[in-house]
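Welcome to this short tour! Open your viewer, get ready to select residues, and follow along one stop at a time.

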Amino acid sequence: MGAAHSSATCLSSPATTNIPRCYLFHRVSKPSSNSSSIPTIYLHLQKPTSNFISQNHYSLKSPCSSSKIVPLSCARVRLMETQEGSASKPVIDFHGIDEELIQKMAYDALVWSSLHGLVVGDKSVQRSGKVPGVGMVHAPFALLPVAFPENHWKSACEVAPVFNELIDRVSLDGNFLQDSLSRTKKVDVFTSRLLDIHSKVLEMNKTEEIRLGLHRSDYMLDEQTKLLLHIEINTISSSFPGLSCLVSDLHRSLLKRYGEHLGLDSKRIPSNTTVNRFADALAKAWTEYNNPRAAVMVVVQPEEHNMYDQHWLCAALKEKYNVTAIRKTLAEIDKEGELLPDGTLLVGGQAIAVVYFRTGYAPTDYPSEAEWRARLLMEQSLAIKCPSISYHLAGTKKIQQELAKPNVLERFLENKEDITKLQKCFAGLWSLDDSDIVKRAIERPELFVMKPQREGGGNNIYGDDVKENLLRLQREGNEEDAAYILMQRIFPIVSPMFLVRNGICHKDHAVSELGVYSAYLRNKDKVIINDQCGYLMRTKVSSSNEGGVAAGFAVLDSMYLT
């Protein structure tokens, strides 16, 4: 639970002898318009190797063949090969698709992204993370939406309010949070510092009467069981509410123009209004705070290459509600912040109604004591925190694992139907003090993911490294095992996709992850908002275990309901 920048859990898909077919393209023809004036878009072709499809369902092998960049007009889209070398039907039927059509779509998509603000900071440009408009590049995206079953989409939307309510209930149980993380605190310095702040808030007997959560629950569709399995719920810095909407609009625009040639209907891409829904929630929280001179403060990293995703939200807040948002780093808040006797938080002399975190989820966000002082100052104030320290802790992986234990959900939820909905989508989660599961994970490490209490992508442990780390922990015999949990590895369907990054259209085998955004706002006993707000699809090459967009592993995508 609780990722900041699009962290995925069990992303490397197994090779299988019979990959389920998901036909997205029904018919393909050449575009009728003259494409001779369109500059060549380069396509990075990666030919699948014979070991891509293995007899072992849980094989960790992945395609790793030589590849080269060729002009798209010279490229050929090939059928995947089975282990025996005979051609099989593709997961998505790219056979016969006209290269000029792909070239035109890629070119148009890049133009659309530039015109509509589907952009991020270019990390190769020194000032791109600090100065808006300097060093912009299109956000990485999939050229076409990924096919996704409509029934699973509806199920994920239906359970979102239940997850919201669960997080709120857990956040109010300070003893549960402290007790569940007590062993982790001894071996994880970052978690320990968060718990120390939480303890100080409890000692103050301070109640967060107005509670705001902007969450994202992440899921993967498991190929073997056909179940949509929950990976985590992000309670802090749920990224891409702005850019995810733009990718849906991009794909809808492409299908309106080229859908006839592809046999696709743009209306099958569900609407995505996350940025406006999140702005609504922030504005209503601001209203509940009841100080018209106060502002919303977005807490950001010193160098934020994903600033445009955040600016989309701030712009919607200003344009729709005339609510001002200011951006401050933790270090700036420590320098400029003060707490008035009545609990009002001032930063640079500006009263703050709502604190919206887009940082603060990783140890690297606290390089000095200044950042920790700022976090404590905000928690001690009457400003509405999104998230509060208790919401932050409720989204940690250890708490997620504790909630998956038998009869624990009943501690927080009364509705048996809601409990069943949550349990149905839970993937397997275990503590490392479960000796039977640890033994099984050592024997079959490819079936598990070992997860530390970290967010943002790039932290999980896979494959033989799971076995080696478990054996090391057994040899050392200390309490470091409390810093990790074990999770069932999810094996999603693999599909050939066109991925666009840095202006290059790259064809590869890919897997996708669904994130469902939701908002929760409560003032004392009154629930003001508890809704699903939109979605994020992320697609990545199947040979990569990690999946964060901001971390450079995945691209933004949308869904085509089937």
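A residue counts as buried under 20% relative accessible area, exposed over 50%, and partly exposed in between (1.4 Å probe, protein chains only). Before we start: this is a predicted model, where local features need pLDDT of at least 70, side-chain atom pairs count only at pLDDT 80 or more, and totals for chains, interfaces and linings use all residues. Residues are numbered from 1 along each chain as its sequence is written, and side-chain values use heavy atoms, leaving out hydrogens and water.

**Stop 1: a loop residue.** Select D481, in the loop between α15 (464-476) and β17 (484-488); helices (H or I, at least four residues) and strands (E, at least two) are DSSP runs, numbered from the N terminus. Is D481 buried or exposed? D481 is buried, because its relative accessible area is 16%. Now show R183: its side chain joins that of D481 in a polar contact of 2.9 Å (a pair of N or O atoms within 3.5 Å; within protein, one must be able to donate a hydrogen and the other to accept it, and residues adjacent in sequence count only if both atoms are side-chain atoms).

**Stop 2: the sheet.** Move on to β17, which sits in an open, antiparallel sheet of three strands ordered β15-β17-β16. Strands pair if DSSP finds at least two bridges between them. Select β15 (429-431) and β16 (448-452): each has a single partner strand, so one side of each is left without a neighbour in the sheet. Between β15 and β17 there are three bridges, and S431 has I485 as its bridge partner in β17.
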